[in-house]
Amino acid sequence: MSIEIKAPTFPESVADGTVATWHKQPGEACSADELIVDIETDKVVLEVVAPEDGVIKEILKGEGDTVLSDEVIAVFEAGAASSAAPAADASPAADSAPAGDADKVGPAARKLIDEHGLDASKIPGTGKNGGITKEDVQNFMNSGAQPAAAAPAATAAPAPAAPAVSVNVAAGERVEKRVPMTRLRATIAKRLVDAQQNAAMLTTYNEVNMKPIMELRKQYKDLFEKTHNGTRLGFMSFFVKAATEALKRFPAVNASIDGNDMVYHGYQDIGVAVSTDRGLMVPVLRDTDSMSLADVESTIRDFGLRGRDGKLGLNDMQGGTFTITNGGVFGSLMSTPILNPPQTAILGMHKIQDRPMAVNGQVEILPMMYLALSYDHRMIDGKEAVQFLVTIKDLLEDPARMLLDV
């Protein structure tokens, strides 16, 4: 029985998508619910799975093609068994591989092997019965493996761009590699440029003494983890709660601009920037005023895991009234974060570093962090921005204030 494989139903905010990767090729066996293709949109990568056990009969939309919501992209044959590709379709380069390896190489993997002149016998297979998958070939190339010596003719013409961005460079060579920008990366770039061009963006800086938070965390982290079913107490939850309290005191920082209107939000939805292999994503914590520290930490951890696995959905990233980004995890000492439109402010956290500080006339070594608040001057005056950042600093340096609401 033939079944039409369709692109997912896109939400109203997403006009179309792009076929990113076919994980299965015509003739390859698929199990029910097995991933067969990734569809990349402006915001997330959506996965399409096999409806039943069977094989891909025909692919109608190749990698890089634009697809609309619910558009047919392939034909699936339910219940059919996999079939070997006809001998006439075998590429000349396949003859260079031993016969035993040819049986283990899938069509997608064979295409990459042929394009890059690789020796299939040297590629470790992780598929069924030691079969070589497309991912195995990509990992083999990323590991720094050299192309097979039997393919010198491949240098006569430029090779097609591959998804991997690593470039093997021999001594004395000046190699360049052109890789198309992904749809998600292009959207991120466009939004960041728009933010700089359309907003009157300024940044104010301050620094916070992290010693009180660090001592509190050290004192209670084991009990916290035990009480909250393994949830670890980190720093981000304190920043989220401090920002939530500051947003309630300074509504303009929690507002957004819609044309000529200023929209004041009576709730605090804070986006937390998450770095993934596909680009920067900002999933949103909803109603942070009602969330506990444990709720914040567990939700952020879930965002991080799903972001790494490409499982974040559109609903996770829609909305948001304020954003926090933490460049400190990568070692950044100070930076200027860019606004996340239509929001009017974003808080940047940075690396904690011991510095000599004057305290009551004495020099002490304290763990200090620079804070940066970028804001839209069309909506927020400098006075409000500075007071907002000072409020966060005060709340973090005296965490009891968050409990006492003072």
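**Exercise 1: A strand pair and its sheet**

T21 has D38 as its bridge partner in β4. The model is predicted, so local features need pLDDT of at least 70 and side-chain atom pairs count only at pLDDT 80 or more, while totals for chains, interfaces and linings use all residues. Residues are numbered from 1 along each chain as its sequence is written, and side-chain values use heavy atoms, with hydrogens and water left out.

Solution. 
- Step 1. Strands are DSSP runs of E with at least two residues, helices are runs of H or I with at least four, and both are numbered from the N terminus. Two strands pair if DSSP finds at least two bridges between them.
- Step 2. Strands β2 (residues 17–22) and β4 (residues 35–40) run antiparallel and are joined by four bridges.
- Step 3. The open sheet has four strands in the order β5-β4-β2-β7, with antiparallel pairing.

**Exercise 2: Helix α7**

Solution. 
- Step 1. Buried means under 20% relative accessible area, exposed over 50%, and partly exposed in between (1.4 Å probe, protein chains only). The buried residues of α7 are A294, V296, E297, I300, F303 and G307.
- Step 2. Just after α7, G310 takes a positive phi of about 70°.

**Exercise 3: Salt bridges**

Task. Describe the salt bridge between D302 and R306, and then the one between E225 and R232.

Solution. 
- Step 1. A salt bridge is a side-chain nitrogen of Lys or Arg within 4 Å of a carboxyl oxygen of Asp or Glu. The whole structure holds 16 of them.
- Step 2. In the bridge between D302 and R306, the closest N and O atoms are 2.9 Å apart.
- Step 3. Both residues, D302 and R306, lie in α7, four residues apart, about one turn of the helix. An α-helix has 3.6 residues a turn, so residues three or four places apart point the same way.
- Step 4. D302 counts as partly exposed because its relative accessibility is 33%; R306, at 23%, also counts as partly exposed.
- Step 5. The side chains of E225 and R232 meet at 3.9 Å, N to O. E225 is partly exposed, at 30%, whereas R232 is exposed, at 63%.

**Exercise 4: Residue L396**

Task. Decide whether L396 is buried or exposed, and name residues that it touches.

Solution. 
- Step 1. L396 lies in helix α9 (residues 382–397).
- Step 2. Its relative accessible area is 0%, so L396 is buried.
- Step 3. Contact means heavy atoms within 4.5 Å. Not counting residues up to four places away in sequence, L396 touches V208, P212, I213, F238, F239 and A242.
- Step 4. L396 and M210 are 186 residues apart in sequence, yet 7.3 Å apart in space, C-alpha to C-alpha.
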